[in-house]
Amino acid sequence: MPITDVSWTRLVTIRLQCGLERTFAGVYDALDFLENEWPLRYGERHQRAIKTCRGALNGAVAAVVAREAFMAACLEAGMAAPLKAKPNAHAGRTARRALVQ
């Protein structure tokens, strides 16, 4: 019986230990990553994330709970979310100054 994926309302993007970024849209992809590509096998949060993702796929756990457990496991393994550049409130002024000079 095929497993139906459970999508998250917000994507999860992590930075792998090699420096590449990877984005996850749902529980099935996260569970596959946890079970088959995980760099640390025995972390406590890793085991919890596997259980909650399986529970979400079976309908016993809310998708948001699985998402949070997955993010916690990623943090435990040193795979933090990449920092996003904040928009510069003064970008227009800087651009105008560059044109004037």
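Let's start with a salt bridge: Arg48 pairs with Glu44, and their closest N and O atoms are 2.7 Å apart. The term stands for a side-chain nitrogen of Lys or Arg within 4 Å of a carboxyl oxygen of Asp or Glu. This is a predicted model, in which local features need pLDDT of at least 70, side-chain atom pairs count only at pLDDT 80 or more, and totals for chains, interfaces and linings use all residues. Residues are numbered from 1 along each chain as its sequence is written, and side-chain values use heavy atoms, leaving out hydrogens and water.

**Salt bridges**
- The count comes to five salt bridges.
- Arg48 and Glu44 both sit in helix H2, four residues apart, about one turn of the helix; helices (H or I, at least four residues) and strands (E, at least two) are DSSP runs numbered from the N terminus.
- Glu44 is exposed at 55% relative accessibility, while Arg48 is partly exposed at 42%; buried means under 20% relative accessible area, exposed over 50%, and partly exposed in between (1.4 Å probe, protein chains only).
- Glu37 and Arg22 form another salt bridge, with closest N and O atoms 2.7 Å apart.
- Glu37 lies in the loop between H1 and H2 and Arg22 in strand E2 (residues 21–26), so this pair ties together parts 15 residues apart in sequence.

**Layout and burial**
- Along the sequence, the chain follows the pattern β-β-α-α-α-α.
- Of the 101 residues in the chain, 31% are buried.
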